[in-house]
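User: I would like to learn how to read a protein model. Could you take me through one?

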Amino acid sequence: MRKAFLFVLLFTASWACTTTKTETAEVATMDQLAERYVKTLLRLGQYDSDIVDAYYGPEEWKPTGKPADSLPAQEFLTEFKAIQAQLQAQDTTNLAADEMRRLAMFKKQILAAVTKVEMMQGRNYSFDEEARLLYDAEPPHYELAHFDSILTAIDKQLPGKGTIAARWDAYRARFEIPKAKLDTVFKTAIAEARNRTKAHYKLPAHENFTLEFVTDKAWSGYNYYKGKGYSLIQINTDFPIYIERAIDLAAHEGYPGHHVFNVLLEQNLVDKKGWKEYSIYPLFSPQSLIAEGSANYGIEVAFPAQDRITFEKEVLFPLAGLNAAEADRYYKILDMIGQLDFAGNEAARLYLNGKITREQAAEMLVRYNLYAPDKALQRTRFMDKYRSYVINYNLGQQLVRNYIERNGGTDDNPAKRWELFGELLSNPNTASMLK
């Protein structure tokens, strides 16, 4: 008890010292605030391992002491709010355009940090309010009737009898990648995605990744960026993996998705500009909407629709030992199912707002997203763990696509699309900036 008390006392005193200095001195620079922000997030990450998704800053900034027995929420809030006040006090008179974007993004990031501490402290926000505070986003609302009309169209395309979900599950089984062939198929897909990306972006010569297959996860794939151009990419094999997921995950987790996003941020913002706040990736922040949205849209950038199907039929289907004769029909149905994606957000909103039970949320996912029952329950685990984070995939993709296409990156101008996409990945961006 005495040791814990002394630790908290010293912890509080050290922060009090820092805060007092900034209160009595001139307004701190953004570089000074970035260091404080990163160090504080790293300490906060000792209380929740999901908070810091990646860190590639100075080793000496990492906390060396053990965390307190319970979250010292008020100390974290005091420091984050002190940084927030200093950001508000910045003189913007002579700031260049890129510094203005940096400041705008920094303010959004610090708001998310304050919100996350409040949530760890026990504060409950509605789904929409949480999404706004953490991700700077306004999730759209859909009536379920909207998805019912899409299901009717899918029903006409599926063979067999029974429920749409059951028939889809049976039809889709034809396209499952045998586990013995997963490594070959995925490495081929990643290599192709990498080659296409490097034809447009100058990545560090040493950039690379390791691919692992894992189990017992709440997600289907994950990129752990380690810094210096290196990522660990993990693929969850708890459930069947279908042929389209090879390209999806190769591009989303790798090229030009998460791996490239982190490489470009480190290369352009941390190394070149010295913006140390980008040496840390806080998962529950506006950065995630851009990360997930760009990773999803990046699939289309690297593999435009018909080009993708051609590559899969000629290369990936044979490698997986699958018959490509039904590929066109399969992808037509997949496109229609993609239009149901926002139904998952509606299920998450109702579930997290306490309007429906876990079982009812899973039933919605089975009906509207055509999940198998066990996969639907796995998805509710994701909702429990990551909450409103679910919006970052589909809403993020929508916002990124609209931004790129509005600025000329259309299907008939792929070079412009690659150019705009690279600029998006290399600069501070948040949802409200893309509108």
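This is a predicted model: local features need pLDDT of at least 70, side-chain atom pairs count only at pLDDT 80 or more; totals for chains, interfaces and linings use all residues.

User: How many helices and strands does the secondary structure of the chain come to?

Analyst: There are 19 helices and five strands. The radius of gyration is 23 Å, close to the 22 Å that the globule rule gives for 435 residues, so the chain is as compact as a globular protein of that length. Along the principal axes, its C-alpha atoms fill a box of roughly 75 × 50 × 40 Å.

User: What share of the 435 residues is buried?

Analyst: Buried residues, meaning those under 20% relative accessible area, make up 53% of the chain.

User: How do I check the span of helix α3?

Analyst: Helix α3 covers residues 73-88, which is 16 residues. At 1.5 Å a residue they should span 22 Å, and the end C-alpha atoms are 22 Å apart, so the two values agree.

User: Which residues of α3 are buried?

Analyst: First, the general idea. An α-helix has 3.6 residues a turn, so residues three or four places apart point the same way. In α3 the buried residues include Ala 73, Phe 76, Phe 80, Ile 83 and Leu 87. Glu 75, Glu 79 and Gln 86 are also among them.

User: Is Ser 231 buried or exposed?

Analyst: Ser 231 is found in strand β4, residues 230-236. Its relative accessible area is 0%, so Ser 231 is buried. Leaving out residues up to four places away in sequence, Ser 231 touches residues including Asn 208, Phe 209, Tyr 224 and His 259.

Terms used
Residues are numbered from 1 along each chain as its sequence is written. Side-chain values use heavy atoms; hydrogens and water are left out. Helices (H or I, at least four residues) and strands (E, at least two) are DSSP runs, numbered from the N terminus. The expected span of a helix is 1.5 Å times one less than its number of residues. Buried means under 20% relative accessible area, exposed over 50%, partly exposed in between (1.4 Å probe, protein chains only). The radius of gyration is taken over C-alpha atoms; the globule rule is 2.2 Å times the number of residues to the power 0.38. Contact means heavy atoms within 4.5 Å.
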